Every structure is written in structure tokens, then in C-alpha cells.
Amino acid sequence: MMWKSLCILCAAALSWTLTAAPPKNIAQPDETVVYKKAPDGEELKLFVFYPPGYQKTDAPRPLMLMYHGGGWRGGAPTQFFNQCRDYADQGYVAISASYRLSPKEKPQNTVFHAVEDARSAIRYIKKNAARFGIDPKRIITAGSSAGAHLAIATSVLKLDAADDDLSIDPTPAAVILMCPVIDAGPPPGYRHIYKRIPDRYKEFSPIHNLHEKMPPQLLLLGDKDSVLSVEHAKEYQKQVEEKGCRCDLVIFPGAKHAAFYQGRYYVDSQPSVEKFLRDLKLRPDDQKE
């Protein structure tokens, strides 16, 4: 299988950084849904991509739910629109979610709100699974950098919005972590987030909140990553496995931070993603078995 919507861009595009603009040739969602309104009126949205010809009355599909990167201060859901279209072409329903960002000009927002929103998004989707035509037991969360932090935060951080339905478990079936922020503490943790929340970093830090009921995780990392070292990623993997949970770690020589949005490293990472999801019977064709 060739991942056509992203591969079209490979020849012209190198992996873009957290602050770089997305490519001009960008896929467009089939549907946009508001899943939540912030206190200041901001609408938080799900940008939904469906398989070609898919009817919501068909057998429920697995969902690929993606959170963009940008240091919790920037970035946009468009970063994953091409990947979402690619996954939809493979038979998944795919969603790129927005969440509250906390730039300096929005002092009412904090990084903790981003986690609340990430968990709210899953709860909304599970409650409305029939609307999206998805199987609520086959939700895969994925993200890059800060978005990868949110992808795993849905199952390890207990930060919930006051109006969320807490009877709905936001834990996904599996997590794909692309160059993630897994440690919000002091070095070897991510110092930029630690400086922002030095007194509360443990509440925000996945590695400080691991437990025995975590979903399987796939961690994709370049050996030139400036945020997470290979050594620290291996320590994270060790600690997850000590809890009796699965954590596959795949290292890509030469890849830098935010390398997996598109281009060479996105394509190179897909066999590992496909194997991981096949092992867990989370691919679209698995419903036929």
C-alpha cells in the first residue's frame, strides 16, 4: 500500500518545524463539528475525514484521532489534514482536533486546558460514535510533539473539564507518539514546559503518571531530536513496560524533531504504524476477521 496523499508531497517537501506553515496542497475535511465551547466563546472543533464512499450505516470503522503540535501555544489542526486524508483513504475515519492554545495574548488559557480539551474530544466522540460511524472501542490517538503529549495524556493525566461526563472513559485503544513530550520535569525533561509550570509539572507529565491500565503505545523518534533524547525515550519505554504495558520504540537515524508530519520520515514510519495496529487488530480490515 502506498500512502498516496502524503507521498505526492514527498519530492517537494521536507519535514516542517513546529512553527513552519503547512504545505499549500492540503486536504480538506468532509465535515467540521464543534465538540465544545470554551468559556471565552472559542469553538473547539473536530475536522472529520471519511473513507471514500463510506456510509455511516456501514460497519463501524476504527478512528484515527490526531492532535497537532506547536508547544501548546501555536500550531493548528491543518498540520494533520493530509495524514487524516491518507488514513481515510485506507479505511479509517480520521479526525484532527483543535484545543485551547495558551499563547501570551490568551492569559485565560493554560496548558492544563489543552489536556482537558483532548480528553473532552474523546468523550464527545465516544458519546456520538454512531454519528461518526466509528467503533468507540477502536479509537487510536496520535500526535506530534505537544500533540503527542495530548495523545497519551488522554489516558494518563487526570485533568478533566468541570462539565465533562466523567462516566465516559477517555482512554483510547492505542496511542501513536511522534517525537513526543513525555516528561514535563526538569532535565532531562522538556525545560520549556517545566519553566512555565515548575510547581505543577508532575500533573502535566506523562512519565510521572504511568499506571497499569495504559493502552499500547508506539513511539516514533529521530536520533537527532532536540526535545526528546533516545536515552530518555528508552527510559520511558522501560517504565511503561515495568507497568505491564506495551511500548514499541522505533528510532529513525537522521530524523529531527517534528519529522513525521509528511515527507520521507512519514513514509518510512508507516510500516511500523501498520504493524503496530495490525498486531492490535485495529486496522479497518480487522472487522472482517
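Biologist: What do the side chains of E31 and R131 do?

Modeller: In this predicted model, they meet in a salt bridge, 3.9 Å from N to O. E31 sits in strand 1 and R131 in helix 4, so the pair ties together parts 100 residues apart in sequence.

Biologist: Is E31 buried or exposed?

Modeller: Buried, because its relative accessibility is 19% and the cut-off is under 20%. R131 comes out partly exposed, at 38%.

Biologist: Which residue does D160 form a salt bridge with?

Modeller: R123, with the closest N and O atoms 2.8 Å apart. D160 is in the loop between helix 5 and strand 6, while R123 is in helix 3, so that bridge links parts 37 residues apart in sequence. R123 is buried at 6%, and D160 is partly exposed at 27%.

Biologist: How many salt bridges does the structure hold?

Modeller: 19. There's also a network of them linking K36, R100, E116 and D117.

Biologist: And helix 9, how far apart are R278 and E274 there?

Modeller: They're 4 residues apart, about one helical turn, and they form a salt bridge at 3.5 Å. D279, in that helix too, makes a 3.0 Å side-chain polar contact with R246.

Biologist: Switching to the core: which residues touch the most other members?

Modeller: In the largest nonpolar core, with 95 residues, those are L46, Y67, W72, F132, I176 and Y236. Helix 3 gives the most to this core, 9 residues.

Biologist: What does L46 touch?

Modeller: Its contacts include V33, I95, A121, I125 and F132, plus E31 from that salt bridge with R131.

Key:
Residues numbered from 1 in each chain as written. Predicted model: local features only at pLDDT ≥ 70, side-chain atom pairs only at ≥ 80, totals over all residues. Heavy atoms only, no water. Helix = DSSP H or I, 4+ residues; strand = E, 2+ residues; numbered from the N terminus. Polar contact = N/O pair within 3.5 Å; in protein donor to acceptor, adjacent residues only side chain to side chain. Core = buried A, V, L, I, M, F, W, Y, C linked by side-chain atoms within 4.5 Å. Buried < 20%, exposed > 50% of the residue type's maximum accessible area, 1.4 Å probe, protein only. Contact = heavy atoms within 4.5 Å. Salt bridge = Lys/Arg side-chain N within 4 Å of Asp/Glu carboxyl O. Lists of a residue's contacts leave out its neighbours within four places in sequence.
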